[in-house]
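Please examine the sequence and the three-dimensional view below before reading the briefing.

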Amino acid sequence: DLRMLFAFAGAVAIIVVAFAVLRVRRTPGRIHAGVIPGAVLFGTGWAISGGCPAIPIVQVASGYLPAFITIAGIVLGMRLCRWANTKYFHLDTGSCGR
């Protein structure tokens, strides 16, 4: 089922046109080498889990305890990202990495 892919592709197409019409320019320093791989990993995890990262919290609250595995994966992924960035990449995380 390619509906989600088409929805995302449509959203990207719309924002590209909107940025072109509004003449939005890239701000130096906002996009670095980790943005693209990070976005791919985030999107892949989102696709594998079948929903946004907030859904497991709702699932746990409604009694679906296997969602704790997804939450553990989110936490582990964040910690691995911070560790890898500190040890290998040294990318500026801005205000989001603190």
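The residues lining the second largest pocket comprise six nonpolar, three polar and no charged. Here Ala, Val, Leu, Ile, Met, Phe, Trp, Tyr, Cys and Pro count as nonpolar, Asp, Glu, Lys and Arg as charged, and the others, Gly among them, as polar. The model is predicted, so local features need pLDDT of at least 70 and side-chain atom pairs pLDDT 80 or more, while totals for chains, interfaces and linings use all residues. Residues are numbered from 1 along each chain as its sequence is written, and side-chain values use heavy atoms, without hydrogens and water.

**The second largest pocket**
- The lining consists of M4, L5, F8, G43, W46, A47, G50, G51 and C52; a pocket is an open set of points on a 1 Å grid over the protein atoms alone, where a 1.4 Å probe fits, with protein on both sides within 12 Å along at least five of seven lines, and lining residues have an atom within 4 Å of a point.
- At least two lining residues come from each of α1 (3-22) and α2 (35-49).
- The space in this pocket is about 200 Å³, a volume being the space filled by probe spheres set on the grid points, which are joined across faces, edges and corners.

**Fold**
- The protein contains four helices and zero strands, where helices (H or I, at least four residues) and strands (E, at least two) are DSSP runs numbered from the N terminus.

**Burial**
- Of the 98 residues in the protein, 5% are buried, meaning under 20% relative accessible area with a 1.4 Å probe, protein chains only.

Note on methods
Buried means under 20% relative accessible area, exposed over 50%, partly exposed in between (1.4 Å probe, protein chains only).
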